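Reader: I'd like a close look at the aromatic rings in this one. Could you walk me through how they pair up and what surrounds them?

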Amino acid sequence: MSAEIKKKRPLSERLHDRYRLVILNDSSFEEKFVLKLKPLSLFILIGSTLIVLIVFVISIIAFTPLREYIPGYADVKMRRSLIHLAEKSDSLEYELILKSKYIDNINKVISGNLDADTLAKQKPVSTHNYKELVNANRASKEDSLMRLEVEAKERYTIAPTENKKANTGIASFFFFTPLKGSISNSFKSSGEHFGVDVVAKENEAIKATLDGTVILATWTTETGYTLEIQHANNLISVYKHCSALMKKTGNFVKAGEVIGIIGNSGEQSTGPHLHFELWYNGNPVDPQDYMIF
């Protein structure tokens, strides 16, 4: 009956029962250690100890470098740096793709490996106004002398092309002749000769035809030392077969500034000369329509 009554006691009462833990000597049965315990106190002691241990371990992991030795646990700053580097690498990869395409197009311009059919379908740039002006100036000897005098005065006082409107066209530019000499081979779009070959004295200086930024200064086996300048209004000038280049990629040059020396570099050259090209909106144009060599 007493056992049944004891089993029916609630848990809250049984937790307050007192127990004694006694350690005896096995030979003499002498009490060596006595500990009085309650189940509730024992649970509280064990629970508090576990909580303290958990807080201690978490503090070590959170506030000491030991967390870096835990697999899968990385430093927050390191993770941020990795994310930033990943984003930057993606941006650099995208920019590299764009630069590669741009350089491929530039190499096609330099080597002349362009589709002639595509160029033939595009409308040529209108130049009749400039030709009429040149023919009118050549009507008499006096007009020719006056034209030469004006050109000499304005040779180094060229107005900057940035002030011109974007839709004025190539005829609005005042070009500086890059090299004075004789034309040995003229512009022929059908023969894929997209420029003019100018023959001049040895060591003659080559000058920039307009203000602009050097976008390419390199050497190739076909064209030798080659320089390319980006001007305003989608205009590009190309200078090939130089013996030396005076400017580097990224340099800003003014019209009439020396950019190279006439030479005979490259497999496509048969003598000292300058191969000069003009490209407007992606189309090759005849430089002789806009300047006198």
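Author: Let's start with contact, which here means heavy atoms within 4.5 Å. Leaving aside neighbours within four places in sequence, Phe175 is in contact with Ile170, Thr209, Leu210, Leu235, Leu278, Tyr290 and Met291. A quick word on ground rules: this is a predicted model, where local features need pLDDT of at least 70 and side-chain atom pairs count only at pLDDT 80 or more, while totals for chains, interfaces and linings use all residues. Residues are numbered from 1 along each chain as its sequence is written, and side-chain values use heavy atoms, with hydrogens and water left out.

Now the rings. Rings of Phe, Tyr and Trp (its six-membered ring) pair if their centres lie within 6.5 Å; planes under 30 degrees apart are stacked, over 60 edge-to-face, and the rest tilted. That rule gives 5 aromatic pairs. One of them is Phe173 with Phe175, a tilted pair at 5.8 Å centre to centre and 45° between the planes. Phe173 is buried at 7% relative accessibility, and Phe175 is buried too, at 8% (buried means under 20% relative accessible area, exposed over 50%, partly exposed in between, with a 1.4 Å probe and protein chains only).

Tyr239 and Phe276 sit with ring centres 5.2 Å apart and planes at 50°, so they're tilted as well. Both Tyr239 and Phe276 are buried.
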